Amino acid sequence: VVSLLREINKDMRDRGQNDFYVGYPFVIGRIPGENFDVRCPLALFPVKADRTSTSITICLDETRDILYNSTLLLAYFKFNNIFLL
């Protein structure tokens, strides 16, 4: 866990961008009619991590938006012949 926090802080220093998200709920299944397994989060919640000497706390970052897994949604639409206009 400490190495993950170090990587997050390194990205913030180097790129000025926080890419730390928690994926929930996690979708596990198979696309009907295809031999294609799916294992991915449905939504990505932006979080901030704070480390003290005794604990690590993760809290929702309300300055950023929740992201939906657009790749999962596009695959669902494609394999179910749903067309968006």
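Tutor: Residues are numbered from 1 along each chain as its sequence is written, and side-chain values use heavy atoms, without hydrogens and water. In this predicted model, local features need pLDDT of at least 70 and side-chain atom pairs count only at pLDDT 80 or more, while totals for chains, interfaces and linings use all residues.

Student: Why is cysteine 40 called buried?

Tutor: Its relative accessibility is 14%. Buried means under 20% relative accessible area, exposed over 50%, and partly exposed in between (1.4 Å probe, protein chains only). Cysteine 40 therefore counts as buried.

Student: Why is cysteine 59 called partly exposed?

Tutor: Cysteine 59 has 30% relative accessibility, so it counts as partly exposed.

Student: How many disulfides does the search find?

Tutor: The search of the whole structure finds zero. A disulfide here is a pair of cysteine sulfur atoms within 2.5 Å.

Student: Which residues make up the largest nonpolar core?

Tutor: Ile31, Val38, Cys40, Leu72 and Ala75 make up this core, five residues in all. β3 (37-41) and α2 (70-79) each give two or more residues to the core. Helices (H or I, at least four residues) and strands (E, at least two) are DSSP runs, numbered from the N terminus. A nonpolar core is a set of buried Ala, Val, Leu, Ile, Met, Phe, Trp, Tyr and Cys residues joined through side-chain atoms within 4.5 Å.

Student: What does cysteine 40 touch, leaving out residues up to four places away in sequence?

Tutor: Cysteine 40 touches Pro25, Phe26, Val27, Asn69 and Leu72. Contact means heavy atoms within 4.5 Å.

Student: Why is tyrosine 24 called exposed?

Tutor: Tyrosine 24 has 58% relative accessibility, so it counts as exposed. Tyrosine 24 lies in the loop between β1 (21-23) and β2 (26-30).

Student: What makes aspartate 14 and lysine 10 a salt bridge?

Tutor: Their side chains meet at 3.3 Å, N to O. A salt bridge is a side-chain nitrogen of Lys or Arg within 4 Å of a carboxyl oxygen of Asp or Glu. Aspartate 14 and lysine 10 are four residues apart in helix α1 (residues 2-15), so about one helical turn separates them. Aspartate 14 is exposed at 52%, whereas lysine 10 is partly exposed at 38%.

Student: Are aspartate 61 and arginine 64 buried or exposed?

Tutor: Both aspartate 61 and arginine 64 are buried. Their side chains meet in a salt bridge of 2.9 Å, N to O.
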